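Please read the points with the model open.

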Amino acid sequence: MPNGSPNKEVGREKDMKRADLARAKVLVIGAGVTGTSVAAVLHGLGAEIRLFDEREAFFADQRFISFERAIAENWELAVVSPGWREGHPLIGALKNRGVKLISEVDLAWLLRSELRPSQMWLAVTGTNGKTTTVELAAAMLRSGGLRAKACGNVGETVIEAVVNGEGLDYLVLELSSFQLQWSELPQFRSVAILNISDDHVDWHGSLESYTTAKLRILLHAELAILNGDDSRVVGATEMWPGCKVFFSLSPPKPGELGVVEDLLVDRFFVADPNEAQMIAQIDEIRPRAPHSISNTLAAAGLARSIGVSHQMIREAVQNFLPGRHRIETVFESNGVTWVNDSKATNPHAAAASLASFPSIIWIAGGLAKGASMTELAKHSKDH
């Protein structure tokens with residue numbers, strides 16, 4: 001269980017400077033969006049870059065090397081892309097040789113410490129709702145006059161946002177369990193955990209391991225905005241000693257965020273927790289679904305944690321539209337509305353989407369990723 005104390009084993013990475021990277025021979029493991037972004041940034045700094053990926057499509061590219069060369073050559077640093085297991089033979093071989101392994105997020109933090117030392121980071125994780133929440137939180141910060149950008153698993157990678165983000169006061173990071181599995185260094189002013197349910201169990205091996213990966217976001221957080229309606233989030237964070245702010249769709253207790261009738265209200269970031277300050281009206285949220293209200297409360301908590309006023313938060317809510325493929329109306333005819341929610345890629349997200357409408361004909365497909373569909377089918381069969 002994360003205890004909020006810095007990991008003492010990573011001190012050596014903290015000392016790495018941009019000048020060191022410019023002279024370094026670096027192996028980038030994984031050639032997806034993150035890996036290619038890391039390679040481009042490090043190449044621009046002057047580093048000698050090689051990539052390793054097991055997909056045959058890359059074998060003809062001269063930048064890519066074989067498994068044998070990846071193990072045999074001397075590397076100052078290896079950057080591991082999200083989704084690579086710690087038990088992979090290459091990872092094990094590099095560890096045995098004492099090669100320094102870090103994540104893209106860690107590398108971005110090292111560069112941020114030198115390039116943008118005053119820049120602050122906020123972060124969001126959870127099984128569902130991350131992208132909408134980080135985009136809304138960034139919009140709230142901008143509404144409050146701060147220069148902020150959403151990045152990570154949305155839009156630019158974190159390292160691109162740091163290198164290209166001159167003048168940005170805040171980055172709001174969307175972090176997956178894969179990214180958190182490898183990250184040790186970042187310090188977050190505040191973080192939000194939206195929910196935890198079955199997802200990527202095929203990769204993590206169990207829901208417990210997946211939960212542990214998610215909770216790594218607390219390792220270097222000063223304050224956590226937590227979903228009080230999610231029993232797994234509440235239970236898993238019970239022993240964390242940091243400052244916890246719970247949000248809920250129920251009326252909030254003193255020190256919480258919640259809903260009273262048709263209003264979202266704040267009873268934590270106020271002068272007197274026995275009083276309540278309005279954040280927004282429910283009918284100002286789009287789509288007006290329970291999970292959208294929950295995500296809005298989480299984003300508001302992040303924005304309030306750095307002092308954005310309630311009024312500026314409300315203005316951001318009024319002007320915000322979620323991204324495409326998120327309960328997106330694509331066609332209406334003869335009283336029938338066609339909705340694209342292809343971002344709902346697990347049972348928890350699908351259930352939230354189905355609950356947004358009174359009557360549904362559901363066209364579904366995709367990969368289960370180790371999650372069980374039993375409860376989803378049980379609760380949706382009459383809907």
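1. A residue is called buried when its relative accessible area is under 20%, exposed when it is over 50%, and partly exposed in between (1.4 Å probe, protein chains only). By that criterion, R314 and E284 are both buried.

2. The model is predicted: local features need pLDDT of at least 70, side-chain atom pairs count only at pLDDT 80 or more, and totals for chains, interfaces and linings use all residues. Residues are numbered from 1 along each chain as its sequence is written, and side-chain values use heavy atoms, with hydrogens and water left out.

3. A salt bridge is taken here as a side-chain nitrogen of Lys or Arg within 4 Å of a carboxyl oxygen of Asp or Glu. Under this rule the count is 10 salt bridges. In general, side chains of opposite charge can pair when their charged atoms come close.

4. The buried residues R314 and E284 are joined by a salt bridge with an N to O distance of 2.8 Å. This pair connects distant parts of the chain, 30 residues apart: R314 belongs to helix α14 (residues 310-319), while E284 lies in the loop between β13 (277-281) and α13 (290-305). Helices (H or I, at least four residues) and strands (E, at least two) are DSSP runs numbered from the N terminus.

5. R216 and E184 form another salt bridge, their closest N and O atoms being 3.0 Å apart. The two residues are 32 residues apart, with R216 in the loop between α11 (207-215) and β9 (223-227) and E184 in the loop between α9 (177-182) and β8 (188-193). R216 counts as partly exposed because its relative accessibility is 21%; E184, at 19%, is buried.

6. Between R189 and E222 the closest N and O atoms of the salt bridge are 3.6 Å apart. Here strand β8, which holds R189, is linked to the loop between α11 and β9, which holds E222, across 33 residues. R189 is partly exposed at 22% relative accessible area, whereas E222 is exposed at 52%.

7. From first C-alpha to last, α6 reaches 16 Å, close to the expected 16 Å, a span defined as 1.5 Å times one less than the number of residues. At the start of α6, a side-chain oxygen of S103 comes within 3.3 Å of the backbone nitrogen of V105.

Definitions and conventions: Polar contact = N/O pair within 3.5 Å; in protein donor to acceptor, adjacent residues only side chain to side chain.
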